[in-house]
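This briefing goes with the sequence and structure shown below. Please look at both before reading the points that follow.

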Amino acid sequence: MVVGYKKEETLTPNQKLIAGVVSGITTRFITQPLDIVKVRTQLQAKDKSATWIGLSWRILKEEGFTTFWHGHSLGQLHSIMSVASQFHAYEISTKFVENYASQYTSPQFKKVLLFMCGIFAGCASATLVSPIEVIRVRQMVVKAQYGGVFQGAREVYRRGGILAFYEGLTASLMQMGPQVGITFAVFRFVQPLVLNYVAYMENPEQTDAEKKATETKQLLISSSIAGSTAGFVSKTATYPFDLAKRRLQIASHKPDPNVKTPAMTQKLVRCSTLMSCLLDMIRKDGLPGMYTGWTITIFKAQVTSLLIFTTYEMVCYAMRD
């Protein structure tokens with residue numbers, strides 16, 4: 001396993017940073033259409049009869065295929081900064097725990113520290129990419145109004161000033177810190193279990209070439225299963241904050257009368273504070289209201305986690321050779 005710092009590791013932090021960047025670009029390119037549907041679902045009033053597949057079809061009919069790629073350029077930048085900063089912050093913090101803190105703590109408390117490393121990585125990443133994410137989400141809602149990077153930045157600033165770039169940051173920290181901590185913790189727990197099981201099931205009488213091919217396959221299988229499990233657990237545990245974050249990120253958005261706004265995005269659900277957002281969900285739809293859009297979000301989280309960890313592991317494995 002190469003996620004996190006290991007004393008016997010042969011890769012440099014910069015090599016792992018490159019692996020994180022490649023992982024982020026690949027994942028964003030594949031999951032961008034799912035992200036469009038996810039965001040649109042989260043910003044609509046809860047409709048029990050609606051499905052994310054039906055919403056996808058409606059977007060395709062009313063706005064065209066290219067709509068699924070609105071905000072993709074910023075999405076790529078977001079992925080590069082988010083994933084790379086997460087892995088880099090996690091690498092640095094776990095290195096500190098392994099080299100220094102573990103000397104003065106018990107094995108049980110060391111596990112707590114490693115979990116806190118994940119939280120630190122998530123919070124650092126969320127703060128870094130917040131301005132980009134606010135612009136990107138608004139591009140996904142009304143592309144014509146928020147246009148490119150600079151047009152989008154000017155429009156966000158015009159509507160709410162500097163603080164508008166950090167709308168939803170509180171919810172993002174409440175979500176991303178625990179989510180990344182849970183993700184890395186679950187991955188570190190599940191991957192060795194799967195890897196050991198797969199290795200146990202393989203034929204021990206193999207040539208060196210066969211063993212090398214087998215190691216690659218084992219790493220791919222274990223990373224896929226662990227990444228998928230980590231994505232499901234972490235996203236489900238923190239989902240209400242993700243939903244609140246999206247609705248907070250459009251708090252200062254106001255439709256431009258000179259720009260055509262798609263019919264689907266003319267009536268958006270928004271809120272001004274995290275607490276009012278959570279209470280409003282419960283008041284209108286009960287606890288299920290806090291999981292509006294959960295299905296498409298979990299599906300996307302599964303695909304994303306699987307791709308991120310698998311790509312990261314395979315790039316690191318390739319650089320070792």
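Is Arg28 buried or exposed? Arg28 has a relative accessibility of 7%, so it counts as buried. The model is a predicted one.

**Overall fold**

- The protein chain has 10 helices and 0 strands.
- Along the sequence, the pattern of the protein chain reads α-α-α-α-α-α-α-α-α-α.
- The C-alpha trace of the protein chain spans about 70 × 45 × 40 Å along its principal axes.
- The radius of gyration of the protein chain is 21 Å, which agrees with the value near 20 Å that a compact globule of 321 residues would have.
- Of the 321 residues in the protein chain, 53% are buried.

**Nonpolar cores**

- In soluble globular proteins, nonpolar side chains tend to be buried together.
- The largest nonpolar core here has 29 residues, and Phe87 and Phe184 are the ones that touch the most other members.
- Two or more residues of this core come from each of these elements: α3 (72-99), α4 (107-141), α7 (169-201), α8 (208-248) and α10 (294-320).
- Helix α7 gives the largest share of this core, with 9 residues.
- Another core lies apart from this one and has 17 residues, including Leu34, Leu43, Ile59 and Ile250.

**The cavity**

- Rolling a probe the size of a water molecule over the atoms shows where empty space is left.
- How many cavities of 30 Å³ or more does the structure hold? The structure holds 1 of them.
- The volume of the largest cavity is about 640 Å³.
- A set of 37 residues lines the largest cavity, and those that lie nearest its centre are Gln86, Met176, Gln179, Thr304 and Ile308.
- The elements that give two or more residues to this lining are α1 (13-42), α3, α4, α7, α8 and α10.
- Sorted by class, the lining of the largest cavity consists of 10 nonpolar, 17 polar and 10 charged residues.

**The largest pocket**

- The largest pocket has a volume of about 410 Å³.
- It is lined by 18 residues, and Thr41, Asp47, Ala50, Thr51 and Trp52 are the closest to its centre.
- At least two residues of this lining are supplied by each of α2 (52-63) and α10.
- Helix α2 provides the largest share of the lining of the largest pocket, 4 residues.
- By class, the lining of the largest pocket has 7 nonpolar residues, 7 polar residues and 4 charged residues.

**Charged pairs**

- Side chains of opposite charge can pair when their charged atoms come close.
- The whole structure contains 16 salt bridges.
- What does the side chain of Asp35 meet in a salt bridge? The partner of Asp35 is Arg28, at 2.9 Å from N to O.
- Asp35 has a relative accessible area of 1%, so it is buried.
- Lys110 and Glu98 form another salt bridge through their side chains, at 3.0 Å from N to O. This pair links distant parts of the chain, with Lys110 in helix α4 and Glu98 in helix α3, 12 residues apart.
- Lys110 is partly exposed, with a relative accessible area of 22%, whereas Glu98 counts as buried at 10%.
- A salt bridge also joins the side chains of Lys245 and Asp242, at 3.6 Å from N to O.
- Lys245 and Asp242 are 3 residues apart in helix α8, so about one helical turn separates them.
- Lys245 is buried at a relative accessible area of 3%, and Asp242 is buried at 1%.
- Salt bridges that share partners join Lys245 and Asp242 into one network with Lys38, Glu133, Lys235 and Arg246.

How values were computed. Residues are numbered from 1 along each chain as its sequence is written. This is a predicted model: local features need pLDDT of at least 70, side-chain atom pairs count only at pLDDT 80 or more; totals for chains, interfaces and linings use all residues. Side-chain values use heavy atoms; hydrogens and water are left out. A nonpolar core is a set of buried Ala, Val, Leu, Ile, Met, Phe, Trp, Tyr and Cys residues joined through side-chain atoms within 4.5 Å. Buried means under 20% relative accessible area, exposed over 50%, partly exposed in between (1.4 Å probe, protein chains only). On a 1 Å grid over the protein atoms alone, a cavity is a set of points where a 1.4 Å probe fits but cannot get out, and a pocket is an open set with protein on both sides within 12 Å along at least five of seven lines; lining residues have an atom within 4 Å of a point. Grid points are joined across faces, edges and corners, and a volume is the space filled by probe spheres set on the points. Ala, Val, Leu, Ile, Met, Phe, Trp, Tyr, Cys and Pro count as nonpolar, Asp, Glu, Lys and Arg as charged, and the others, Gly among them, as polar. A salt bridge is a side-chain nitrogen of Lys or Arg within 4 Å of a carboxyl oxygen of Asp or Glu. The radius of gyration is taken over C-alpha atoms; the globule rule is 2.2 Å times the number of residues to the power 0.38.
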